[in-house]
Amino acid sequence: MSTQPVRGTRDLLGDDYAKYSYLNRVALDVLPTYGYQGIETPLFEYTSLFQRGLGETSDVVGKEMYTFADRGSDSLTLRPEGTASVARAIISAGLTQTLPQKLFYSGPMFRYERPQKGRYRQFYQLGIEYIGLAHPLADVECIALADHLLKAWGISDYQLHLNTLGDLESRQNYRQALVDYFSCYKNDLSADSQNRLEKNPLRILDSKDTNDQLLCQEAPLFDGYLNETSRHFFDQVQNGLTTLGIHFVRDQKLVRGLDYYCHTAFEFKTTSLGAQDAILAGGRYDGLMQQLGGPAIPAVGWACGLDRLALMLNDFTVPDRLKVALIASEEGLEPVSLKLAQQLRHADIACEVFLKGDLSKRLKAADKGACQVAVLLRPEEYQANQIKIRYLQQDFSPVGDKETIVSLSDLVPNLLSLKKA
Ligand code: HAM
């Protein structure tokens, strides 16, 4: 039996775990200011949800899903993303009657991709879905929230790439133009792109193959095929972003890897992570609900890769929080040390009770366990309703003493007042 985790998966420990908690904590503060409420959907769904929702021609459905038959022979899939599940949940909970809905989620997703820095088979997304509003300013608000959150996380190395995929009519016209163009070079295209030419020619624009990229340089641009409605929608999105002072670059080659998008498509990209440069991505998906058998409901949203954001938190340190060691000098006082510890914890003071070994060993363990202060319970003070505080880290001592004696009733306020000098 191997003790290694499965390829593309990792254990999150120590500082790594703290980074994910930090990202979620900050998001939980910011998201309600935009009116978002949380949703948890199951980690696995019927396979057909993703097949219908994300599109048979997407890479995710075509080659990346973790699909299995359960013991009842149902075909199930570990969720590769959150949007289809949220759309399904809205329909099954009957929330289509109470729109708009603003929902966020955070948790693991699963895709069978080739693992590398910033790309994993179990990875973590935090995402939002704004469901029920067709207005272009809903797209702007979603993007503004993304920009706000990235800044609140202390992340600054990113650029917003923006494009439009137009409405169905515009997309069909553009699709035909691409088929006409690329068909002339069919034999020069990579095998993947030859396949895309039949199924989803827009995805050729996203090809990583250098020869495909050369051919793409001369390919027709979407702008020439946008109808009036689509152009007007996109103008309003761009104007809204400009009004809010959110800088973007127009990227006509940005097509997104999932099939449900229309109109606005965007990706926040960084230069600090190498090949896996998309840290947050999304767009409008007005057709998804209907595709899943629900009513026609417009929606827009995004998801960010927490693993990639965690890699960008270079200067991250766990905030210095006072941690107190409780040590009783005699076995008879150990229950009292436990009781005191409960009092401290109820006062929001982190503490650890050290129960084993002689005093000096326990003080050493407390020091190693990152306690800055030890509270020593000894019969001589305890009988007089007093207690000894020893400063294990001198910069926590208010006047530079090594230790001090306080009355039991002053212990909590005294500890609460301690700060690093
Ligand atoms: P996506 O572009 O497939 O979109 O993924 C969003 C983000 O998840 C990516 O930009 C990246 O940061 C992260 N990500 C994706 N795959 C991996 C991986 N294998 N390892 C690490 N991070 C990864 C969606 O998933 C859409 N559901 C977003 C959306 C929500 N659109 C509308 N609403």
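How many residues has the largest nonpolar core, and which of them have the most contacts inside it? The largest nonpolar core has 49 residues, and Trp 153, Phe 268 and Trp 302 are those with the most contacts inside it. A nonpolar core is here a set of buried Ala, Val, Leu, Ile, Met, Phe, Trp, Tyr and Cys residues joined through side-chain atoms within 4.5 Å, where buried means under 20% relative accessible area, exposed over 50%, and partly exposed in between (1.4 Å probe, protein chains only). Helix α5 (residues 136-152) gives the most to this core, with 9 residues. Apart from this core lies another one, of 44 residues, including Val 61, Leu 205, Leu 254 and Leu 288.

This is a predicted model, in which local features need pLDDT of at least 70 and side-chain atom pairs count only at pLDDT 80 or more, while totals for chains, interfaces and linings use all residues. Residues are numbered from 1 along each chain as its sequence is written, and side-chain values use heavy atoms, with hydrogens and water left out.

**The ligand and its shell**

Around the ligand there are 26 residues, of which Glu 81, Thr 83, Glu 113, Glu 129 and Tyr 261 come nearest; a residue is near a molecule if one of its heavy atoms lies within 4 Å of it. The shell divides into 12 nonpolar, 7 polar and 7 charged residues. Strands β6 (122-131), β10 (278-284) and β11 (299-305) each supply at least two residues of this shell, and the largest share, 6 residues, comes from β10. The table gives polar contacts, pairs of N or O atoms within 3.5 Å.

| Residue (polar side-chain atom) | Ligand atom | Distance |
|---|---|---|
| Gln 125 | oxygen | 3.0 Å |
| Tyr 260 | nitrogen | 3.0 Å |
| Tyr 261 | nitrogen | 2.6 Å |

The protein covers 95% of the 660 Å² of accessible area that the ligand has on its own, an area that comes from the Shrake-Rupley method with a 1.4 Å probe.

Helices (H or I, at least four residues) and strands (E, at least two) are DSSP runs, numbered from the N terminus. Glu 45 is found in strand β2 (residues 44-46), and this residue is counted as buried because its relative accessible area is 7%. Not counting residues up to four places away in sequence, Glu 45 touches Phe 50, Ser 75, Leu 76, Thr 77, Ser 85 and Arg 88, where contact means heavy atoms within 4.5 Å.

Helix α4 (residues 83-92) is mostly covered, with 7 of its 10 residues buried, and what covers these buried residues includes β2, α2 (47-54) and β5 (101-110).

Technical notes
A polar contact is a pair of N or O atoms within 3.5 Å; within protein, one must be able to donate a hydrogen and the other to accept it, and residues adjacent in sequence count only if both atoms are side-chain atoms. Ala, Val, Leu, Ile, Met, Phe, Trp, Tyr, Cys and Pro count as nonpolar, Asp, Glu, Lys and Arg as charged, and the others, Gly among them, as polar.
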